[in-house]
Amino acid sequence: MADHVEGQQHPISIYFWIWGLLFVLSTLSYMVDYLQFQGYLRWTLIVVFMLLKAGLIVAVFMHMMWERMALWCAILIPPGAILVFIGLMSAEADYTFFTRLVFFGAAP
Amino acid sequence: MAESAVPLAPGLRGIAADWSSDQRAFKNVPWGKAMMWIFLLSDTFIFSCFLISYMTVRMSTTVPWPNASEVFALTIFGNHIPLILIAIMTFILISSSGTMAMAVKFGYQKNKRMTAFLLVVTAIFGASFVGMQAFEWTKLIVEEGVRPWGNPMGAAQFGATFFMITGFHGTHVSIGVIFLIIVAVKVLRGSLDEERPGFMTGRKGRYEIVEIMGLYWHFVDLVWVFIFAFFYLW
């Protein structure tokens with residue numbers, strides 16, 4: 001056995017808790033499809049459950065909540081640029097869709 | 001602290017000396033772990049590019065997008081259940097993340113047998129995930145006739161984005177399974193206790209490699225959370 005303990009040490013119960021929570025959240029997001037929710041309700045629920053799951057994995061399983069701020073700023077801020085990219089590409093996709101309607105005819 | 005009296009080297013030698021000088025931005029984090037985080041950040045951008053291109057083609061097509069709920073439905077014992085295979089794959093990957101997190105904990109306690117056992121369980125979960133994905137691909141290609149350039153259900157871009165995104169993710173899982181087995185062998189034969197250097201590196205073996213392996217594995221699970229939400233549920 002170790003004479004001293006180093007690195008990330010947290011009670012094992014927290015991993016079981018997060019594991020259980022991830023199971024519950026996955027079941028809930030599956031139910032969104034199973035119960036056939038549609039429209040904005042569906043999209044909102046999908047994104048909320050997705051972000052909760054992602055947050056739990058990064059914060060606890062990847063130990064980000066116990067790291068120093070220098071690390072989590074370096075890793076978690078740059079993906080913010082992706083939001084800008086999503087905005088640009090959705091504007092582009094809308095434009096493509098519009099020109100396809102104009103030049104190729106009827107909508108679905 | 002006082003500057004050292006050694007003069008700074010010019011040119012290429014200077015670049016190497018400057019970048020390797022004794023500085024540390026991420027306190028309490030071994031550099032191998034910091035580098036894994038930075039690799040995962042770059043991987044985040046790659047997967048984002050795939051998912052954003054999927055969004056772009058799905059938004060811009062005038063043909064209806066195939067209904068994932070129906071495409072990935074299975075009939076089990078006469079019951080038609082929508083999206084069931086994908087739900088099972090999701091639970092398997094989450095379970096593998098749970099066993100991986102515990103392997104990291106037992107690793108830092110230097111409990112060799114539990115660490116190796118949990119790593120092998122994680123690898124088995126990962127391998128079964130890849131197996132189910134192979135089943136899913138076979139069903140889609142052989143029975144449903146989905147191709148990267150078209151399919152009978154709707155928008156032609158469905159196949160291209162599906163094979164690209166899930167294929168790249170499945171490759172990540174497969175590579176993860178191989179490395180999980182390598183790390184499990186290292187743990188079991190005591191390479192980390194004896195600080196034996198690895199095959200391709202002169203660095204001493206330490207239990208932090210279990211945590212670095214864990215970061216990669218949790219990332220694979222994290223990516224699946226986004227694929228599940230955007231590709232299968234949306």
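This is a predicted model: local features need pLDDT of at least 70, side-chain atom pairs count only at pLDDT 80 or more; totals for chains, interfaces and linings use all residues.
Let me start at one residue: just after H4 of chain A, A:Gly105 takes a positive phi of about 100°.

H4(A) has 25 residues. From its first C-alpha to its last it reaches 36 Å, close to the 36 Å expected at 1.5 Å a residue. How many of its 25 residues are buried? The count is zero, and H4(A) is hardly covered.

H4(A) also matters for the contact between the chains. That contact takes 50 residues from chain A and 45 residues from chain B. On the chain A side, helix H1 (12–34), helix H2 (39–61), helix H3 (69–76) and helix H4 (80–104) each supply at least two residues. Which of them gives the most? H4(A) does, with 13 residues. By class, the side of chain A that touches chain B has 34 nonpolar, eight polar and eight charged residues.

While we are on chain A, the domain assignment gives domain 1 as 1–67 and domain 2 as 78–108. The centres of these two domains of chain A, taken over C-alpha atoms, are separated by 31 Å.

Now to H2(A). Its 23 residues should span 33 Å at 1.5 Å a residue, and its end C-alpha atoms are 32 Å apart, so the two agree. The buried residues of H2(A) are A:Ile46, A:Phe49, A:Lys53, A:Leu56, A:Ile57, A:Val58, A:Val60 and A:Phe61. What do they pack against? The buried residues of H2(A) pack against H1 of chain A, together with H4 and H7 of chain B. After H2(A) comes A:His63, with a positive phi near 65°.

That brings us to chain B. Its secondary structure comes to seven helices and two strands, and from the N terminus the elements run α-α-α-β-β-α-α-α-α. Along the principal axes, the C-alpha atoms of chain B fill a box of roughly 75 × 45 × 25 Å. Of its 234 residues, 35% count as buried. Among contacts in chain B between residues at least 6 apart in sequence, 69% join residues at least 24 apart.

Next, the core. The largest nonpolar core has 68 residues, and those with the most contacts inside it are B:Ala103, B:Leu119, B:Val183, B:Val210 and B:Phe228. H1 and H2 of chain A each supply at least two residues of this core, as do helix H2 (31–60), helix H4 (84–108), helix H5 (112–143), helix H6 (157–188) and helix H7 (208–233) of chain B. The largest share, 18 residues, comes from H7(B). As for B:Phe228, leaving out residues up to four places away in sequence, B:Phe228 touches B:Ile86, B:Thr90 and B:Leu233.

Last, a loop residue. Where is B:Ala73? B:Ala73 is found in the loop between helix H3 (68–71) and strand S1 (74–76) of chain B. Is B:Ala73 buried or partly exposed? B:Ala73 has 16 C-beta neighbours inside 10 Å, so B:Ala73 counts as partly exposed; buried would take 20 or more. Not counting residues up to four places away in sequence, B:Ala73 touches B:His80, B:Ile81, B:Pro82 and B:Leu83. B:Leu85 is twelve residues from B:Ala73 along the chain, and their C-alpha atoms are separated by 7.4 Å.

Key:
Residues are numbered from 1 along each chain as its sequence is written. Chains are lettered from A and ligands numbered from 1 in the order in which they are written. Helices (H or I, at least four residues) and strands (E, at least two) are DSSP runs, numbered from the N terminus. A residue is buried if 20 or more other C-beta atoms lie within 10 Å of its own, exposed if 12 or fewer, and partly exposed in between; C-beta atoms are placed from the backbone. Two residues are in contact if their C-beta atoms, placed from the backbone, lie within 7 Å. Domain bounds come from an automatic or database domain assignment. Ala, Val, Leu, Ile, Met, Phe, Trp, Tyr, Cys and Pro count as nonpolar, Asp, Glu, Lys and Arg as charged, and the others, Gly among them, as polar. A nonpolar core is a set of buried Ala, Val, Leu, Ile, Met, Phe, Trp, Tyr and Cys residues joined through C-beta atoms within 7 Å. The expected span of a helix is 1.5 Å times one less than its number of residues.
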